[in-house]
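Please read the following points alongside the sequence and the structure.

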Amino acid sequence: MTIDVTKTREAATVPPPGNASPKKRVPQGHRRLLTRRDRLTLGLMAGVPTILHVTLVWVTALASIALAFTTWDGIGFDSIKWVGLDNFKELFTNNPQFWPAVQHNVIWFVVLILIPTPLGLFLAVQLDKNIRFSRVYQTAYFLPVVVSLAVTGFVWQLVYNPDTGLINSIIGANKPGHYIDWIGDPHLNLWAILVAACWRHTGYMMILYLAGLKGVDPSLREASSLDGANEWQTFKNVVFPTLRPTNTVVLVVTIIEALRAFDLVFVFNKGAQGTELLSILVTNNIIGESSRIGYGSAIAVVLLVISLAVIIPYLISTFRKERSA
Amino acid sequence: MHLSSHGQPLPGSSRRAVLRGLGGAALLGAAIPLLSACGGGSGSSSDPKTVSLGSNASDAVPKKAFADVYAAFKKQSGIAVDVNTKDHNTFQEQINTYLQGTPDDVFNWFAGYRMQFFAAKGLASPIDDVWAKIGGNFPDAMKKLSKGADGKYYLVPITTYPWAVFYRKSVFQQHGYEVPATWDQLVVLCKRMKKDGLVPIAFGDKDAWPAMGTFDQINFRLNGYDFHVELMAGRASWTDAKVRDVFDQWAELLPYHQEGSLGRTWQDAAQTLVSKKAGMYLLGTFVAQQFTDKADLDDLDFFAFPEINSEFGQDTVEAPTDGFMVSKNPKNHDGAVKLLEFLGTPEAEQIYLKADPSLVAASSKADTSSYTALQKKAFEMISGAKSLTQFMDRDSRPDFTSTVMQPALQKFVRDPKGIDSLLTSIERQKKTIFASS
């Protein structure tokens, strides 16, 4: 019986006859199509990533969930103390930065979905018309996405620097009396940095929509223009509805961007007054010489729960659609 | 286009490429435990002629200066120092895992609670035997700084620098200002400077630590050294009226600080002193690094933060001190002891300061003849101090200062109203942190 099983298994991995290399050694005796080396290779190919994935993703995620219910300074395992829900209690009632951070993550998402997403769609539609220098524009708008966010943060910090930065130097707002503190003023800095985030996100959205638009069947447009629809009507009634799959990708990508927002702010002002974010609170608590690993993990768990609450319904609905299709 | 970044497989990768990628991933996996074991690579340290040393002196000037010191040590004792240098900030962030892994025999660290914390965790060796030999080289305040909470010595200090109020002699001369000796004189001077079109006190708190320096100065001038220690160690309460007084006092001075401080680094703030737009600046002597022009540097001077409470006068100086510690199980204990004995001599400090004149020696016996005027003044200020403090983030738990005090002080600086609720919040958070271990 076992032989049968291996046979069927092997049968599944048999390459299509046309692809079989003529030089390949045919093993003698058993009718095995895979040599021992091949099986070893396949085993490694499946095994190594599994081990890496389990240790680096699952074990760490579960460990941080467990640690969220403890206090630990990272020195020796015997200093881990079980404290139950204390970290969460402390977080929700006592931490002056926690609720602002949650709020800023939400604002981050709302702004990204309201400003750069439609803008990216608009640019994509324009570029899709194959106007002249289309590639130049495409490159220009996409460039901010290619540059590392740390570098982006650094460049924008130079622009916003209240004493010597570009903006204040031009409008003369760096003198005592009328001084605009783009980085330090909590009423301004979040919006200032969101401009930088939008600047980058627009290019990202544009490229996603551009890909989606390339997939729109040209005959649909042709048909709608034969029916006498103008450009706006064609877009609204024919093109946009076919972009539905792209829209879901865009939504998920934007949610992820809003939840993982970190580098830009960290370079800009380290998440100080007015720009607190959950990811920065996690980092501030965990990294350092005597870290609050339990407490930082509790914040990470909150972030995880929010992410799951958003992603799981999306996955469920996607899979349901695929199954019914 | 393919959305490789969202997890869709890349088409057309050959088996070989995938295997190569796997090899890369495996390497990456292997690199992670290595990170925590940095510095364990000094396999030569079982050799009695070598001492391994973990160094945070990653900047060019201190790195060279220390290399000179170790060369002199080798010449004298025949023992080589195997230096393992790491980026300054990375060293601090990893100190935890570094000391728990396979640390070097000797490592760079800071005096104060920050040193005591690791000593209490059993991650450092007591070095009373070293101090039996070098004790005579140091003033009492330095001795106090080098002891752990258990009364044993854990650190050999090498360099230090004071915090003070910096100003430009020419600006004071031009306007006929006098160095203020008391709080009231300071406030009057601020008012005059404002009228003269100067920013009275330069200030930049973007990095969140400079405000701690201002708090420290007002606190120990008003409440004395002992209260500073009690407060930083988590024993005194932040809702104590004494702390409230510090913030009230500070609020009186805050309107004379440079506007928009939360968006400005200390370097940018120092530039306003360089360009004579600001009258004064409270910082460590490292502010001199921003004075690149020799004439400007000669014009720079400082005075001790003015007296607030006559009971304490100006007896305390904030002087962050750097030094060396021995890890818990040094492979070459005798060599490490010899090295620390050497580092505790005035000669070693002089070799260091020759190459890095921005600091002063921790020893009271070091030869000060080659010091600049600024260094001489700094040295006198420290040697004459009754007590030395380190700085809020060196005198207290770093997790408390970075996650609670930095944002709290920034909040105060931006909006000095609502001190009471701020202090209640600090005290509540402090209790959980100090209770945690």
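1. Is A:F69 buried, partly exposed or exposed? The model is a predicted one. In it, A:F69 has a relative accessibility of 24%, so this residue counts as partly exposed. A:W82, at 66% relative accessibility, counts as exposed.

2. A search over all chains finds 46 aromatic pairs in the whole structure. In the pair of A:F69 and A:W82, the ring centres are 6.0 Å apart and the planes lie at 25°; the pair is therefore stacked, since planes under 30 degrees apart count as such. A:F69 belongs to the loop between α2 and β1 of chain A and A:W82 to strand β2, so the pair ties together parts that are 13 residues apart in sequence.

3. Elsewhere, ring pairs join residues into a cluster, among them B:F91, B:Y98 and B:W109.

4. The contact involves 50 residues from chain A and 47 residues from chain B.

5. Three salt bridges are found across the interface of chain A and chain B. A:K270 forms a salt bridge with B:D207, with the closest N and O atoms 3.5 Å apart. The interface also holds 13 residue pairs in polar contact. Of the side of chain A that touches chain B, α2(A) supplies the largest share, eight residues.

Notes
Residues are numbered from 1 along each chain as its sequence is written. Chains are lettered from A and ligands numbered from 1 in the order in which they are written. This is a predicted model: local features need pLDDT of at least 70, side-chain atom pairs count only at pLDDT 80 or more; totals for chains, interfaces and linings use all residues. Side-chain values use heavy atoms; hydrogens and water are left out. Contact means heavy atoms within 4.5 Å. A salt bridge is a side-chain nitrogen of Lys or Arg within 4 Å of a carboxyl oxygen of Asp or Glu. A polar contact is a pair of N or O atoms within 3.5 Å; within protein, one must be able to donate a hydrogen and the other to accept it, and residues adjacent in sequence count only if both atoms are side-chain atoms. Helices (H or I, at least four residues) and strands (E, at least two) are DSSP runs, numbered from the N terminus. Rings of Phe, Tyr and Trp (its six-membered ring) pair if their centres lie within 6.5 Å; planes under 30 degrees apart count as stacked, over 60 as edge-to-face and the rest as tilted. Buried means under 20% relative accessible area, exposed over 50%, partly exposed in between (1.4 Å probe, protein chains only).
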